[in-house]
Amino acid sequence: MPESPVQPARTDEYFQHRQLRSGAAGWVLLAGLGIAYVISGDFSGWNIGLSEGGWGGLLIAFVLMGLMYTCMVFGLAELSSTLPTAGAGYGFARRALGPLGGFATGMAVLIEYAVAPAAIATFIGGYIEALGLFGITNSWPVYLVTYLVFMGIHMYGVGEALKLMFGITVVAILALGVTVVALVPHFDTANLFDIVPNDAVGASAFLPMGYAGAMAALVYGIWFFLAIEGVPLAAEETADPRRDMPRGIIVAMGFLLVSGALMLVLVPGAAGSEAMSTSDNPLPEAIRTVAGADSVMAAVVNYAGLAGLVASFFSIMFAYSRQLFALSRAGYLPRFLSLTGRRKTPWVALIVPGTVGFVLAAATGDGGLLINIAVFGATVSYVLLNLSHIVLRLREPDLPRGYRTPGGVVTTGIALVLALVAVVATFLVDVLAASITALVFVVFLAYYWFYSRHRLVGHAPEEEFAQIRSAEADLH
């Protein structure tokens, strides 16, 4: 068990330098934030799943992971309306599973959010190379400029950042609309099944890589929705989190289910699964395949698709800074990481993961590898988040909740089972990437166990929620 929380010598001064700007977002901006987190998954990355499991395998992955995320989002809508703090997943698990469970959840989320922008940066580089901009043939300068520009905007202010992010997201949504209009007339079911089956068990035209391929494709089914769970990280900057959080995250999830399904069906259905399975920019490439290399719509989608990638990069940067801020403010990670500036933005928590992400992108240049690392962190956090909802429902049924999950623990129980399956799938796709990520995760857990658990800050909001529960239990 952890020792009693430690208070800084001057508590008021400690939190004065660790403040976020409240009231910056309503439910519309939160829904836009949720879509922005994920929308790059419609433009690039998901199509790699075609090379793992064929179209049938990726379809199964989309359905199963769509179900998992939908069930989990209903659980998160309840949790975020009940425990509205910047720690979000860490805060939920801290209340339900104790400090070790909270830290483990927070670190899994942080690994996901620190690495996902690096993967997106490689896709941004691919889109820019496809456009022939600036004569770039090596994308590391693109990664550097992308990180520097958007870290600077986030440091300027959360309200300004969220509004700009919303505008970029609208452009990306319009690009998805153009893609649908361009590809619908050219859809042919035969194009979905043009990958030649191999000799794997269960291989067919529908599952060309067999049952194992369908399992491996789960990782890329996740990419359609990865990071939607980050919406609750904006809780302390939301006008009315009990009302706005559930509405924002559920609306975002509904949009993503529709947009993902359209891209999954129309892009390979028009240009062929085989061709799309290796593309760095599948949407404009699909349009060029059916409309010609000089297609105006392809150029529009290429530029607007870049906006979609930027939207996700920009928004996940917001997410990793808030998760790191919350863990640091509570003492789980070095406290200097939670310092905020004059404009109440966590500038250190923006710079440190951003530097790590840039190095990963520049060193590997491999978006697929980085997706695997991010997804491993994500799936571990999903197991813990769904478990947290179930534990809190069973242990604290009378806890005041601004929203209640339809189906209760049955709903999050379905998500929990599917999340466990997804964890296994990450090892099927890339054993090395999953193993290295698991090792990093274990190192952080050791840091907590041997060092930071003795230095927690009891007045941090997430810790106070847990202390209130403990005090109530003592009274009873």
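The protein chain of this predicted model has an average pLDDT of 86, and 88% of its residues score at least 70. Where pLDDT is low, the predicted coordinates should not be read in detail.

The axes of helix α4 (residues 48-82) and helix α17 (residues 409-429) approach within 8 Å and cross at roughly 140 degrees. Angles over 145 degrees would count as roughly antiparallel; α4 and α17 are therefore oblique to each other. Their crossing is left-handed. On the α4 side, the contact is made by Glu52, Leu64, Met65, Leu67, Met68, Cys71, Met72, Phe74 and Gly75. Helix α17 contributes Thr411, Thr412, Ile414, Ala415, Leu418, Ala419, Ala422 and Val429. By class, the contact of α4 with α17 holds 13 nonpolar residues, three polar and one charged.

The structure holds 19 aromatic pairs. One of them joins Tyr69 and Tyr382, with ring centres 5.1 Å apart and planes at 75 degrees. Planes over 60 degrees apart count as edge-to-face, so the Tyr69 and Tyr382 pair falls in that class.

Helix α5 (residues 89-131) packs with helix α6 (residues 140-156). Their axes come within 9 Å and cross at roughly 120 degrees. The range for roughly perpendicular is 65 to 115 degrees; α5 and α6 are therefore oblique to each other. The crossing of α5 with α6 is right-handed. In α5, the contact residues are Pro117, Ala118, Ala121, Thr122, Ile124, Gly125 and Ile128. They meet Val142, Tyr143, Thr146 and Tyr147 in α6. This contact of α5 with α6 comprises eight nonpolar residues, three polar and no charged.

The remaining pair is helix α2 (residues 27-38) with helix α11 (residues 241-271). Their axes lie 8 Å apart, at an angle of about 40 degrees. That angle makes α2 oblique to α11. The crossing of α2 and α11 is right-handed. Trp27, Leu30, Ala31, Gly34, Ile35 and Val38 form the α2 side of the contact. The α11 side consists of Asp244, Met245, Arg247, Gly248, Val251, Ala252, Phe255 and Leu256. Ten residues of the contact of α2 with α11 are nonpolar, two are polar and two are charged.

Technical notes:
Residues are numbered from 1 along each chain as its sequence is written. This is a predicted model: local features need pLDDT of at least 70, side-chain atom pairs count only at pLDDT 80 or more; totals for chains, interfaces and linings use all residues. Side-chain values use heavy atoms; hydrogens and water are left out. Axes are lines fitted to C-alpha atoms, for helices over the stretch in contact, and angles run from 0 to 180 degrees between N-to-C directions. Helices (H or I, at least four residues) and strands (E, at least two) are DSSP runs, numbered from the N terminus. Angles under 35 degrees count as roughly parallel, over 145 as roughly antiparallel, 65 to 115 as roughly perpendicular and the rest as oblique. A crossing is left-handed if the near helix is turned anticlockwise from the far one by less than a right angle, and right-handed if clockwise. Contact means heavy atoms within 4.5 Å. Ala, Val, Leu, Ile, Met, Phe, Trp, Tyr, Cys and Pro count as nonpolar, Asp, Glu, Lys and Arg as charged, and the others, Gly among them, as polar. pLDDT is the predictor's confidence in each residue, from 0 to 100. Rings of Phe, Tyr and Trp (its six-membered ring) pair if their centres lie within 6.5 Å; planes under 30 degrees apart count as stacked, over 60 as edge-to-face and the rest as tilted.
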